Amino acid sequence: MLATTIAALVALAAPAMAQLYPNQTGSFHLKLTNTNSDLDNTYLYACHSGAAIEQLCLGNKTLRDDGFGTFYLNYSANSLVNDKPAGALVWNLPFTSAGGAIQTASSPLSFSYNPTSNVAILILSPSSTDTSDVVPAGFDDDEHLFAYSYVDESVFPPDTSSGPHLFYHFALCQTYFGGYRYTALAWVTAGQPLNPSCHAVTVTREFPILAQ
Ligand SMILES: *[C@@H]1O[C@H](CO)[C@@H](O)[C@H](O)[C@H]1NC(C)=O
Ligand SMILES: *[C@@H]1O[C@H](CO)[C@@H](O)[C@H](O)[C@H]1NC(C)=O
Ligand SMILES: *[C@@H]1O[C@H](CO)[C@@H](O)[C@H](O)[C@H]1NC(C)=O
């Protein structure tokens, strides 16, 4: 049942995904840096938060080696930011197909907005990247994750010529989403987060150290 649902989602999403961000870098891990010593160098991992939905949960300082902490960046020739690949951060959701084979569904990181809060939950779920909810993601020269925009709405008329504008509004929060409570990564749209448990974090990309 679950596999069927996911297969249907993937089938729906596939044509648009292939067009928007067909290329992929990776694999890499994500960890928190520049933060207090308890959290510093702690990895994020995909944690179950509904049918084919995960959040990015706070893990340990040692990496789990089961794929739940392994991510990719999808991009296209048209989605470079400051000459570097940018686009959609993805995780490969494992599922069992009808025939019993283990397959994966490419799951882009997306905002899940709550109109009564300025804290958007960040979710990974198989879907098209051709939606406004997909986090426009990239990594700067320090390997720090950012979201970007080509429109500056803080001036009038809105400026579309001075971009890209990079934003680092990531926060670690006690989240409640899909019936699950986690300590997970979220996005503060603007201002002070309404959720008092949130605190700002830097998310850093770490490429695996290859065995000699
Ligand atoms: C990301 O790129 C891979 C490799 O090209 C592709 O298989 C996958 O469908 C893409 N995912 C999304 C969400 O676009
Ligand atoms: C963190 O470490 C604990 C204790 O070793 C372990 O039980 C748990 O599965 C680990 N969690 C992650 C996300 O690595
Ligand atoms: C994307 O992938 C295609 C197919 O492998 C390749 O021909 C193309 O050069 C890649 N584009 C970029 C921007 O890396």
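## Two prolines in one loop

Let's start with a loop: Pro 157 sits in the stretch between E9 and E10. Keep in mind that this is a predicted model. The peptide bond that leads from Phe 156 into Pro 157 is cis, and its omega is near -5°.

The loop between E9 and E10 also holds Pro 164. Which form does the peptide bond from Gly 163 to Pro 164 take? That bond is cis, with omega near 0°.

## The largest pocket

The largest pocket has a volume of about 400 Å³. It is lined by 15 residues, and those closest to its centre are Ser 149, Val 151, Phe 167, His 169 and Thr 189. Which element gives the most? That's E9, with 3 residues.

What kinds of residue line the largest pocket? Sorted by class, the lining has 9 nonpolar, 4 polar and 2 charged residues.

## The second largest pocket

Next up is the second largest pocket, with about 160 Å³ of space. Its lining draws on several parts of the chain. Among the residues there are Ser 112, Asn 114 and Ser 117, along with Val 119 and Ile 121. You'll also find the run Gln 174, Thr 175, Tyr 176 and Phe 177, and then Leu 194 and Asn 195.

Two elements give two or more residues to the lining of this second largest pocket: strand E7 (119–124) and strand E11 (170–177). E11 gives the most, with 4 residues. How many charged residues does this lining have? There are no charged ones: the lining divides into 5 nonpolar and 6 polar residues.

## Strands side by side

Time to look at how some strands pair up, with E5 (residues 84–96) as our guide. E5 runs antiparallel to strand E4 (residues 71–81), and 6 bridges join the two. If you want one pair to find on screen, Tyr 72 has Val 90 in E5 as its bridge partner. The hairpin of E4 and E5 has 2 residues between the strands, and in this hairpin Asn 82 takes a positive phi near 50°.

E5 also pairs with strand E6 (residues 102–112), in the antiparallel sense and over 7 bridges. Here Asn 92 is partnered by Ser 106 in E6. How many residues lie between the strands in the hairpin of E5 and E6? There are 5, and Gly 100 in this hairpin takes a positive phi near 95°. Then there's strand E8 (residues 137–139), which is joined to E5 by 2 bridges and runs antiparallel to it. In this case Ala 86 stands opposite Gly 138 in E8.

Asn 41 is found in the loop between strand E1 (23–33) and strand E2 (42–48). What is its phi? The value is near 65°, which is positive in a residue other than glycine.

## Ligand 2

Which residues surround ligand 2? They are Tyr 45, Gly 59, Asn 60 and Arg 64. By class, this shell has 1 nonpolar, 2 polar and 1 charged residues.

An N or O atom in the side chain of Asn 60 is 2.3 Å from an oxygen atom of ligand 2. On its own, ligand 2 has 360 Å² of accessible area, and the protein covers 39% of that.

## Ligand 3

Around ligand 3 you'll find Asn 23, Tyr 75 and Ala 77. Two of these residues reach towards ligand 3 with polar side-chain atoms. The one from Asn 23 lies 2.3 Å from an oxygen atom of the ligand, and the one from Tyr 75 lies 3.2 Å from an oxygen atom of ligand 3.

How much of ligand 3 does the protein cover? It covers 30% of the 360 Å² of accessible area that ligand 3 has on its own.

How values were computed. Residues are numbered from 1 along each chain as its sequence is written. Chains are lettered from A and ligands numbered from 1 in the order in which they are written. This is a predicted model: local features need pLDDT of at least 70, side-chain atom pairs count only at pLDDT 80 or more; totals for chains, interfaces and linings use all residues. Side-chain values use heavy atoms; hydrogens and water are left out. A residue is near a molecule or strand if one of its heavy atoms lies within 4 Å of it. A polar contact is a pair of N or O atoms within 3.5 Å; within protein, one must be able to donate a hydrogen and the other to accept it, and residues adjacent in sequence count only if both atoms are side-chain atoms. Accessible areas come from the Shrake-Rupley method with a 1.4 Å probe; for residues, only the protein chains shown count as cover. Ala, Val, Leu, Ile, Met, Phe, Trp, Tyr, Cys and Pro count as nonpolar, Asp, Glu, Lys and Arg as charged, and the others, Gly among them, as polar. On a 1 Å grid over the protein atoms alone, a cavity is a set of points where a 1.4 Å probe fits but cannot get out, and a pocket is an open set with protein on both sides within 12 Å along at least five of seven lines; lining residues have an atom within 4 Å of a point. Grid points are joined across faces, edges and corners, and a volume is the space filled by probe spheres set on the points. Two strands pair if DSSP finds at least two bridges between them.
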